[in-house]
Each structure stands twice: as C-alpha cells, then as structure tokens.
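Please consult the sequence and the model alongside the text.

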Amino acid sequence: MKKIKTLLASMALMGLVGCGSSSSTDELTIPTYAAPTDAACNDQVQDVNWDKLLQANATKLSEYRLFQSQCNPTENPNTRGIPYDLSIPLFSDYTSKYRFVFVPSGEKIDYVEGEVFDFPEGSVLVKTFSMPSTTEKDSRGYAIENVIETRLLIHKSTGWVARVYTWDDNKLDATRETNGKSVATVLGHGDDIVQFNYGVPAQGQCTECHQYNPGGDKTQQIFSPIGPKARYLNSTYSYSTGDENQIQKWIADGILDGSTVPDASNREQAKQFNDYVDVDSIPPSEVETYATEWLDINCAHCHRLEGGASNTAFKAASTATFQGECEVPVSGAGTGSLVILPGSAESSLLYQRLHTTDPGLSMPPIGRNAIHTEGSALVKRWLDSLTGSCN
Amino acid sequence: MKITNQLKLVVAITAGITLIGCGSSSSGGNSIKKVFSCTDSSTAGARVICIGDADDLSDSNVQNELMDALLDSETGDTFVLPQGRYNLTQTIAFQGKNGDNVDVDNLTFKGAGMEKTIFDASGASADGFKIENSDNLIFEDFGVYESNNNAIKVIGSDGVIMRRIATVWETDYQATNGAYGLYPVESSNILIEDSYVKGSADAGIYVGQSDRIVVRNNTAEKNVAGIEIENSTNADVYNNVARGNTGGILVFDLPIGNGKYGSDVRVFDNIVDANNAPNFAAGCTDAQVAADTCFEGGVHIVPPGTGVIVLSTSNVEIYENTITDHKTIGVAITSYMMPDDRVAESPNENVGTEVLKYTDISKFADKYLDGWSPFVNGINIHDNKITVADGINAPEGKLINELLLGVGSLQSTLGIISGSERTKLPAIFYDGVGQLLATTPYVDGTGTPTGNSVMATIAGGIDQIAQALFDNTLEATEQGIDGAEMLPFTGTYYGTDASSVCQSANVDADNAAVNAAAIYSTDYTEVTFSDGAPLSKVEMALAALKEDTPDVATASALAQSILSDSSMTCAGTAYNGSANSATIAGVDYGCGEDDNGDSCSL
C-alpha cells in the first residue's frame, strides 16, 4: 500500500501551483519515535514537591517531582497521583493524552452535579500530550511516541493557573514555555499520511477554552478545568491494581468526598467514545446521545451560556440547553448555512466547521490542526439522520 | 492540516504555509522601518511596558514579548508597540486574567500610528487580537492586517476604545478575507473613532450584542458591510465615511436567542457614498439556495448598492446623512419578513404536550419568547441628502429581488418610468408588511372580527401554547411574549400613529423631495390577501393586468405607488432618539459629553 506522494502533485490537487511555493518533491514517510532509555532518566525522589507546585514557577518540569521517572510523564506518578481517563476525550490532533490528578494530603474533591468537580486548593491536574507515529492502537504508548508537552492546572488559593512545559529535544525533561510552539508533525492515519503543525498553546490562550462565566456573567469569569466532570469520569479505568470505576476509586483512595457523591445509580454517565469505536456500529437510537456528548466535551466549554462563545447561536452542552437545529449563525459566520440543517451535515455550519482546517473557519479555533475524522463522522452520521425541516 | 485523499495523495504543506505562500500581497507594509522608541515605566497602576528591544525587533521577539507582557500584566499597564510590520504566528489572546489568575483591567495597546505599527496576522490561525473579560481597554495607533478571522475581537468587556486603528485586508473583494475588522461583542461602553477598516468579507466595524456605543469619525471602505450595529442598544453612529462597500451602514437585529436585542440607534451626519461593491461574502451554495436551506439574515443578502439598511430593529433615527450614488437603494427599512416570512406563520396548535421545543409551535416562537421582534417601528428618517448613482440603473440583491421581480418592466410598460429614469426603486424603501399585518384585523372562522390584529393573534396563540407547554413538560424559564414588541393592534405603534415609520425632508441633489415607498401597502383595506398572505403592490398590479379585462388604471396606480407613496409621511409624533454615550474609565464620550461639534448640533 503506497502511502507516499510528492508535494508537487498534492499542490496541484489543492490548486496551489503557481503560487511560488517550494517545488520540493520530498517524500513523506511515517516517522518512528523512541523514548529515552531508563538509564538516561534519573529516578526522582518519590515525593511530590508540593511547595514548588503551589509556586507554579518551575523552569523544568522535573522540579515538581510528579513522576518516578523524570523522563516519563505517562505512568508511575509519585505519591497521591492517580491516573484518569475521560469516557469521551477532547480531540487534540490524535495525541495520546496521559492524565493524572494530584490532591494534597488531607484534602478532598467534592462531587458536583453536571459541572467540573470542586477541587481543593493545592490540587494539580497533569496532562501530557504525546504524538504517535500512526493513529493505530498499537502505535500508542510512551516508548514509541513523541512526547510533546505536559500541561499543568494548579489550583492555587486564587484559583486555577495553567502552566505549559514542552519536552526538550533529548526528551529527558520538559521546559516551561509561555509563548506556544509549533511542532511539525507527520502522522499515519488509516491508509493516509497527514501532515500538520501541532500547536502547543501559549499560556495566554489557555483561558480561551478554560473559562467559565457563571450565569453568562463575564465579570465573574472563573478559570476552570474542562474534563473532570462526573459524566466523563463515571467509567472503568485499568489501574495497575485492576479495573475499577474511577469515581469509586477516587472515593476509595480518599481524594473524592464520598458524602458528596450520589448513589451509583444516580450518577450521570456519558457514552464511551474514542477513535477505536466504529461509528457505524452505534445503534441508531443512540447516535444522538453519542454525538451530542462528543460535542459537549469538544465544544461546550465555549459554546454555552457560561462560555467564551456565548454570543453564538450554537450551544453544545449535552443537556436541555443544546441549541443549534435550524439556528441562524450570528456573528461573522461568513456563510448562509444554518448551524444545523436536519438531514444534511454538509449544509450544516456545525459540520463544516469541524470538517475543515482552514484557519479562520475551523473549530475549535485553537488546539486542532488535523481533522478528527472519527469525531466528525459521528457528528455527520447524527446530522444526516435528523429529520424535520427548518422551513 | 493536510490529508491524503482516497488516492492516498499527500498534501505536504500546512495551511499556514499555504497562506504565506499564496496569500495577500503585503505591498507597502513591509517597507515600514522598524523603530524602537520607548522607555519602560514601573509606576504602579500606570506601568509602561515596551514591546520589543532596541536590538531585537524580530517578529518573534515582538510577538513573544507582547504575549509575555500580558501574562505578567497588571491593571493599568500600557503596552507600547514598536514601529514596523510584524508577522504574528499566534493570536494575541488575553482573557482578563494574568498568568497568576489575577483580574487585570485598564490595559492600553499603543502603537506608533495606524500606518506605522502593523501586525500581519495571516500566520495566526484565527483572530489577530482576541481580548476578553477585561474592562477599560484601549487600542490605539496600530494596524492589524490579513487576519484569517477577525482583526481585533473584544468580548465581555465594559469600556472599550478603538482609536486610530487600521484593520485591512489588502486584496479587494475576496471572500476569503476575514470576517470583522473591529469587533466588540457582548460588551458595553464602546468608543470606536478615527479608525480605518478595509476589505472585510463581513463588516469592517461590527458592534454586536452590546450597549452604549459611539462610532464616529471612521472610514470604512470595500467591506461587504461598512459599519454594522447588530443586536445592540443605545448607539450613535456619526461623522463616518462608508464608501465602496456592498452596503454602507447596517442596523440589524437578528433572532439569536441570547436575550440581546437591539434598539435606540442614531445614524447621523455620515457620508455614505457609492457602496456599489459586489457582495463578496461567502453566502450559500447553489444547492442550499435550491433546497431553500439558506439562512437569509447574514450580510450575504445585502443588496449591492445600498446605503443604509435597518433590519428588524426598532427606534432608529437616520438623519442629516449624505447618502449618495447608490445603484440600488439609499435607505432600506425592512422587517424580518423580507429575509424570512415564516416570522408570521400561524402557531401550530396541534403541538403535543410531550413536545420539548418552543420551535414546534412556530419557527420563531422561542425567539419571540426571548424578546425578539421581527418588525420595525419608531423609525425616523429625516433631513438626509439621498441620490442614486448616475447612469446606473441596476438594482440587484436577493433581499429584494423576489419582491421587485419585474417591477421595472411593469413600470415602464405602464409608462410610470421611462428608459431615462435613473432608478426603478424609491430612494427610501420600506417593506411595510410588518405594519400591514400588525394593523390588519383578524377575523375568525365565522367572519367575526376578534378585535385583534393578525400579528397580535399570532403572538397570542404562540403565547398560549407556550404557556401550556411550560405548564406541562417544557423545562425552561417561564416566558411570555412581550405584547408591545409584537405590535398589538390596539397599541400606539402602527395602529393609530402613522408616523411610527416615517420620513421627512429628505432631498436629492436638486433639493427635491426623494421618493419613498412601501413594497406592501400598509393600509389593509387596499390589500388583497391570498390564502391569508398579503400580496405586494407588484403582485397586485400584475394580478390586475391578468384579469379578463385588464385593470390598467389600478395597475398603474399600484406601479406608481411602488416608486412613491404616502405610507411613510410623518403625520404624528416621530421617533426622536436621544444622544448616546459611552463611559470609559470614568470619562464620558459622545455628543454632549466630549463632543459638541457640528455633528452633535444637528
């Protein structure tokens, strides 16, 4: 199966010949990645440096002593670190994401219905973004990925702050980066090879997604995590000690206050969806649930009354407040398409914005440089299945 | 991102590179000499942060220093931007809190002049500047060019000054140009002055969902819409020049469902000239148009050659403007009936109690319940000079095409106009249909007048069903339609006061009164209804000519009334707006505040 084609041919395909760009005919190959060997990595003292974390000012990620190996932010967290996963992840250009929660001794998280859990001061969420060579399942894993960045959300007394560390070329440690970074990436994806620039966000961009304005009041803006909500955590995780429901695990490990958690039968729960779920295998009766939950985790941090895109006609929260069907776009959409035209993804602005990488048009506006074919296929299937008319 | 297609081709360049390779010309801009002339100040509450260094004015250093300055910002900071043209690779983003999560307000971004300090944002994925939730912002003396989306977007801020700012897309009339130039939204107390906006594929200056707005002394050219005030309240737009756009100045109120609807706008003493550009906004595909699935409320419907448009916004005063050389219409006043007549569809009384959406009652029910009205009232157009383009006789635009289909030939056939007439449309165009429906008595199935107008009946029906839905199953805030907004038959808007949409003392180049007319007669006794829907004057005239014995006299009178009628003559009390102002960091801006100049004394 030939996966390679020349730049020149593809430029012709895009109608760009004659623009004076490079006429290089370099061929692309799928890269291979190898993590540094253990010998090169110093084992850290097995105790998180909480004081340093609260200062949130380390130049090197290793100063926080979050992981047993300073090279490997994907496993073996130090004391009080627990790995977690979301039942539907926010798409980040096909990177593998390794998430850990650290809660200080003696403190507990409160369960919150519908929204992000209430984390005690001193809590830290650590997420590492690591690019595989291909999107195949067997291409995943620290040993064969290009670890790019580790993001920290640190809950200080004044609220959450964000810190971004990009991994050094030798992959032995990561260095604080405030201005963002572009990482040229070649990625195998099914029978295709895609090339794009993965974007490490500038610190100032973090709040673009991580803002929560209670009641839509912009003056009450709160910096908020996105993922750790009950519905995305109410799923099974394969811990080193065996499979366990994450909420149960958090209660058992004493980081989640069980008295604030409803009975298991009353906990909200999202579907499990990731790139390895066959969209076509989802029962028709459940497509809407899957799709709106995917839209919730990918879009609703902005596209809701309490988010940064509250001025638009698309509201993605997977509750009664979902809004989009037959809605007219409001601000600067530059199109005559309705947000959702039942029965036609292609004519729906929602899908058009997901299924493009044109700068200025693609959504979300930051954090996505590749098309998420699986997620957009899910949304397409749902939109195409909708009946009804906007007339 | 590049992806291989099914033939497994590799497209090996990134979108960003594509733009750099094939994008705008940057003629002129690159020749600006880079100059660093700034001294830091650490005065608490009034720090001055110099961006760039005397020995490093590289694009990346300037961008990075600006981003770092925002991370380290304190309330009261002024960021001094060096002279020169700098390429951005990232949006300059700030959401109101610095890197330590501390609220920061009163920031000033100040360049060396709008032609001297330029950020080329073509390398950033979306906006040039996107600043949110920070009050009392000042943008001054710089330019943002070639943004892929908006040049400067401000969200959720109280107090915004954009002064001597240029937002430019250098290639004319290109659909891929960005959306908005100067774009405050969901904000309040906004002053935009002495700025230059050119080339936007949407609106050059766009103020949306905001309150207390002054837009003055700006020049907007070669945008789709020069200046647009949308879903906003208490705005003064004066002493601007809007030239060479598709439409000059727009006042829109769209059904957005955010509870933010516009009113109280004054447009005065502007030069609105020769806005005859093609409409280059990305609109709908032919397939969408064919399937009638195209949203008709965006700027892509603006008829090329339109000076001023008011769309479904009430309480708007348009006066003392010079509105010249438009090939279609000088001033258009229209309800939302024009883009979408489903605003007046009867409620679906068979909606069950299990239904969870207000839109099942009628397409716009949720928007009415949200406080939106599709109609215009309180519109006063007076003392403007309005001319149509010499030698151009080509009204066009989807917004009016259907209504005016054949009007020219109808009028010339009937001898109403001759070939030498410069235009077939009135200089002031009013749809009239909202007023008509709001005043037409609703007669029930037995032929008995109900005492309500057609629109009031529709509103009442929607209200009743919505309440029933709410009482049963609908999980939403209890709402009701504001009867006044829906123009009840017995109200003081259209029912008894003919002046609610009126014009007076508008003259052409020869100081002769201009033509003004409604497309639908506003007098229901003169209107033929077909299956409950009113016929426009054109339709009625054509129907008269198609009778077994053509009624030429009636048709001629109707064709004449399309050019000019008395429906907008000010007969009673006309809407008179009061001065609007913006208060920013304790200073009031606007007529009667910092400005008592000629415009304000008109």
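The points below cover a helix pair, a stretch of strand and a loop residue.

The model is predicted, so local features need pLDDT of at least 70 and side-chain atom pairs count only at pLDDT 80 or more, while totals for chains, interfaces and linings use all residues. Residues are numbered from 1 along each chain as its sequence is written, and chains are lettered from A and ligands numbered from 1 in the order in which they are written.

**Helix pair in chain B**
- The axes of H9(B) (residues 537–546) and H10(B) (residues 552–563) come within 8 Å and cross at roughly 160°.
- That makes H9(B) roughly antiparallel to H10(B) (an angle over 145 degrees).

**Strand E10(B)**
- From E10(B) (residues 152–155), Ile152(B) and Val154(B) point one way and Lys153(B) and Ile155(B) the other.
- All four are buried (20 or more other C-beta atoms within 10 Å).
- E8(B) (residues 129–132) runs parallel to E10(B), joined by four bridges, and Glu132(B) stands opposite Ile155(B).
- E12(B) (residues 182–185) also pairs with E10(B) in the parallel sense over four bridges, with Pro184(B) opposite Val154(B).

**Loop residue Pro36(A)**
- Pro36(A) lies in the loop between H1 (7–13) and H2 (50–55) of chain A.
- Pro36(A) touches residues including Cys41(A), Cys71(A) and Leu172(A).

Notes: Axes are lines fitted to C-alpha atoms, for helices over the stretch in contact, and angles run from 0 to 180 degrees between N-to-C directions. Helices (H or I, at least four residues) and strands (E, at least two) are DSSP runs, numbered from the N terminus. Angles under 35 degrees count as roughly parallel, over 145 as roughly antiparallel, 65 to 115 as roughly perpendicular and the rest as oblique. Two residues are in contact if their C-beta atoms, placed from the backbone, lie within 7 Å. A residue is buried if 20 or more other C-beta atoms lie within 10 Å of its own, exposed if 12 or fewer, and partly exposed in between; C-beta atoms are placed from the backbone. Two strands pair if DSSP finds at least two bridges between them. Lists of a residue's contacts leave out its neighbours within four places in sequence.
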